[in-house]
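I'll jot down each thing I look up as I go.

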Amino acid sequence: MTSNVMGRGARGADRKAAGHPWFHRLSRLGLAARGVLYLLVGWIAIQVGLGDSGGKEADKGGALQEVASKPGGTVILWVMVVGLAGLALWRFSEARFGRPVPDGDKAHKRAVSFAWGVAYTFTFVGALSYALTHKSSSSDQQSKTFTAKAMSEPGGRWLVLAIGVGAVGYGGYKLVRALRRKFRKELKTHEMSARVQKVVELLGVVGQSAWAIVLAGIGAFLAYAAITFDPDKAKGLDGTLRELAGTPAGPWLLVAVAAGLVVYGIFSFAEARWRKVEAVRS
């Protein structure tokens, strides 16, 4: 009986914390921080496509380096670290209490929120590490290292293959949702004017489509690495984007997708303003 009371008390405290306005502000700060990351990743990738990247990596590490190199960059970097922590906590709160959308308390939606919480935790840890040391490894190296370590374990090859196939599938799923504008139900569209709604919808379609294509590409390289049993075939965000320049469309495909990531960054700012972050339901 006592343990049950304590459990309900802890859950009530969690619910109260996750429902606090400051927690919602922290979540929105995280969405804005994500916007900065993708805005800069896309901009660096555009420079790569045009042959003028200055050796920068078109990934989150490269974006953090870009932030830190600007006047006041250290302060902005630490604000982003705090925001990314909030982004992870927000997703975990959705996993615990449900999302403020139709059927948001369904198990599969909570599972997706939990997975994003884990992903954003890694992003937060990477940003925190860079803020403390100003050192970071490229996304390609991280992907190769993870793949090599995973495939050295029993059954690890199949785990890498499952993650790769899952990323491809989820990327395709998100692409369809973007094209069908399903993201609208996650936004407070009633607070937007008709003109703003049209602009935000366009940003969402273009930005989320580009993001979904890149995610599917990363997954495809992971799956290929598992199939060939060659960790060096795995690629992170930077490597996947650079591979686009090797297609028949040439560097212009890279520039187009990179521009889409810039749009995704701008859409993240719109989400910071209008996304439904109140995961706790009464």
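This is a predicted model: local features need pLDDT of at least 70, side-chain atom pairs count only at pLDDT 80 or more; totals for chains, interfaces and linings use all residues.

**Entry 1: two helices**

At what angle do helix 3 and helix 5 pack, and how far apart are their axes?

I looked up the pair. Helix 3 covers residues 60–68 and helix 5 covers residues 107–133. They pack at an angle of about 40°, and their axes are 11 Å apart. Angles under 35 degrees would count as roughly parallel, so with this angle helix 3 is oblique to helix 5. I also checked the hand of the crossing, and helix 3 passes helix 5 in a right-handed one.

Next I wanted to know which residues meet there. On the helix 3 side I wrote down Lys 60, Leu 64, Gln 65 and Ala 68. Across from them, helix 5 brings Thr 123, Gly 126, Ala 127 and Tyr 130. Sorted by class, the contact has four nonpolar, three polar and one charged residues.

**Entry 2: Glu 66**

I stayed in helix 3 and picked Glu 66, which lies there. Buried or exposed? Glu 66 comes out at 11% relative accessibility, and since buried means under 20%, Glu 66 counts as buried. I then listed what Glu 66 touches, leaving out residues up to four places away in sequence: Leu 40 and Lys 56.

**Entry 3: Arg 91**

Then I went to helix 4, residues 73–97, where Arg 91 lies. Arg 91 has a relative accessible area of 8%, so I put it down as buried.

What does Arg 91 touch, if I skip residues up to four places away in sequence? My list reads Arg 99, Ser 113, Phe 114, Trp 116, Gly 117, Tyr 120 and Arg 275. I also took the C-alpha to C-alpha distance from Arg 91 to Phe 23: 12 Å in space, for two residues 68 apart in sequence.

**Entry 4: salt bridges**

How many salt bridges does a search of the whole structure find? It finds 13. I followed up a few of them.

Arg 91 turned up again here, in a salt bridge with Glu 94, where the closest N and O atoms are 2.8 Å apart. Both partners sit in helix 4, and because they are three residues apart, about one helical turn separates them. Glu 94 is at 1% relative accessibility, so that residue counts as buried. Arg 91, at 8%, is buried as well.

Then I looked at Arg 181 and Glu 201, whose side chains meet in a salt bridge at 3.0 Å, N to O. This pair links distant parts of the chain, 20 residues apart: Arg 181 is in the loop between helix 7 and helix 8, and Glu 201 is in helix 8. Glu 201 counts as buried at 19% relative accessibility, while Arg 181, with 38%, is partly exposed.

Which residue does Lys 188 form a salt bridge with? The partner is Glu 278, and the closest N and O atoms are 3.1 Å apart. Again the pair links distant parts of the chain, this time 90 residues apart. Lys 188 is in the loop between helix 7 and helix 8, and Glu 278 is in the segment after helix 10 (251–274). Lys 188 is buried at 16% relative accessibility; Glu 278 is partly exposed at 26%.

Arg 181 is one: it is not a glycine, yet its phi is positive, about 60°. I placed it in the loop between helix 7 (156–179) and helix 8 (194–228).

Where is Phe 229 found? I found it in the loop between helix 8 and helix 9 (237–244). With a relative accessible area of 46%, Phe 229 is partly exposed.

Notes: Residues are numbered from 1 along each chain as its sequence is written. Side-chain values use heavy atoms; hydrogens and water are left out. Helices (H or I, at least four residues) and strands (E, at least two) are DSSP runs, numbered from the N terminus. Buried means under 20% relative accessible area, exposed over 50%, partly exposed in between (1.4 Å probe, protein chains only). Axes are lines fitted to C-alpha atoms, for helices over the stretch in contact, and angles run from 0 to 180 degrees between N-to-C directions. Angles under 35 degrees count as roughly parallel, over 145 as roughly antiparallel, 65 to 115 as roughly perpendicular and the rest as oblique. A crossing is left-handed if the near helix is turned anticlockwise from the far one by less than a right angle, and right-handed if clockwise. Contact means heavy atoms within 4.5 Å. Ala, Val, Leu, Ile, Met, Phe, Trp, Tyr, Cys and Pro count as nonpolar, Asp, Glu, Lys and Arg as charged, and the others, Gly among them, as polar. A salt bridge is a side-chain nitrogen of Lys or Arg within 4 Å of a carboxyl oxygen of Asp or Glu.
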